[in-house]
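Welcome! Let's take a friendly walk through this model, starting with one residue and then stepping back to the whole chain.

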Amino acid sequence: MELRQLRYFLVAAEELHFGRAAERLHLTQPPLTVAIRRLERELGVQLFDRTTRRVTLTPAGEAFRHRVHGAVHELDEAADDVASVAAGMSGRIRLGFVSSASYTTVPEAIRRFREQRPRVELALSPLTSGEQIEQLLDGDLDLGLVRDPGEIPGLRMDLVSTEDLTAVLPETHTLASRAEIQPQDLEGEPMILFPYRLMPGFVARVLRLFEGLETSPQIVQQVVHQETVLGLVSAGLGISILPESVSRFQMPGVITRPIAGRPQTALYAAQGTSRHPSVDLFLDCLAPSKLQG
């Protein structure tokens with residue numbers, strides 16, 4: 001039984017006139033008649049009562065029409081859905097992002113993207129860079145926003161934005177009155193930072209600030225989320241180094257100060273081999289004026 005036969009049957013059942021049905025199907029009548037008879041033989045039932053005056057559906061034909069109409073409609077919808085996904089007009093993009101991107105880059109990108117692709121679902125996952133890289137390599141994410149990742153075999157990296165690193169201090173700290181912080185000012189300070197395995201590129205970037213110093217800051221707490229870092233700094237447990245955009249948080253008891261030389265951190269869009277057709281559009285929405293391939 002072929003889909004073509006079912007379509008022929010449905011048109012004939014609607015018209016109840018083989019000549020008109022053949023016209024709708026852009027056929028001559030004999031091929032249509034042959035197709036219907038072949039379908040009846042395959043089913044082992046008579047679908048139409050035919051006389052010289054009229055054509056009617058048999059009870060079996062009426063029951064078959066009811067079932068086939070729904071099935072063919074679902075197949076047509078499935079074909080439309082597949083074509084829509086292939087064209088990037090629907091479907092689902094699995095997006096991971098570091099916490100610092102959740103209040104800077106991501107909200108505006110989502111707004112732009114949804115204006116252009118309202119039928120594409122965005123499955124959002126706040127994850128560390130290390131978690132995203134693992135999931136991208138496993139094919140569990142379509143796109144990730146990661147910090148200072150370096151070159152990762154198997155992943156394509158697109159630069160989204162750069163920003164200064166900033167010193168994050170308790171407001172009662174002796175350095176709070178400084179307009180700018182030198183890396184050597186932080187020698188021996190207790191530091192709150194992310195676990196290296198979860199944010200390897202960013203942690204390495206921070207630690208490079210203190211290369212050549214006799215005493216580096218001492219990492220006393222390792223936490224996952226930027227908001228937790230700020231809370232611990234506010235509690236006086238140590239200082240930290242974070243992207244400058246953290247100053248938007250306005251955490252009570254915390255101040256930020258620029259670092260001499262304006263060292264920077266970079267946010268990258270990372271892609272693996274698993275890609276939705278609309279990923280390129282989302283890349284454009286991330287930062288249209290800054291994105292570099």
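## A charged pair

Which residue's side chain does R147 join in a polar contact of 2.7 Å? The partner is E163. A polar contact here is a pair of N or O atoms within 3.5 Å; within protein, one must be able to donate a hydrogen and the other to accept it, and residues adjacent in sequence count only if both atoms are side-chain atoms.

You will find R147 in strand β5, residues 143-147. With a relative accessibility of 3%, R147 counts as buried (buried means under 20% relative accessible area, exposed over 50%, partly exposed in between, with a 1.4 Å probe and protein chains only). Leaving aside neighbours within four places in sequence, R147 is in contact with several residues, among them V98, S129, M199, F202 and L267; contact means heavy atoms within 4.5 Å.

## How to read the model

This is a predicted model, in which local features need pLDDT of at least 70 and side-chain atom pairs count only at pLDDT 80 or more, while totals for chains, interfaces and linings use all residues. Residues are numbered from 1 along each chain as its sequence is written, and side-chain values use heavy atoms, with hydrogens and water left out.

## The whole chain

Stepping back, the protein chain holds 9 helices and 11 strands. These are DSSP runs numbered from the N terminus: helices are H or I of at least four residues, strands E of at least two. The radius of gyration is 32 Å, well over the 19 Å that the globule rule gives for 293 residues, so the chain is more spread out than a compact globule. That radius is taken over C-alpha atoms, and the rule is 2.2 Å times the number of residues to the power 0.38. Along its principal axes, the C-alpha trace spans about 105 × 35 × 35 Å.

Of the 293 residues, 46% are buried. Among contacts between residues at least 6 apart in sequence, 73% join residues at least 24 apart.

## Two loop residues with positive phi

Most residues other than glycine have a negative phi. Now look at L16, whose phi is near 50°, a positive value. L16 sits in the loop between α1 (3-15) and α2 (18-24), and L16 is partly exposed, with a relative accessible area of 33%.

R262 also has a phi near 50°, a positive value in a residue other than glycine. Look for R262 in the loop between β10 (254-258) and β11 (264-271). At 40% relative accessibility, R262 counts as partly exposed.
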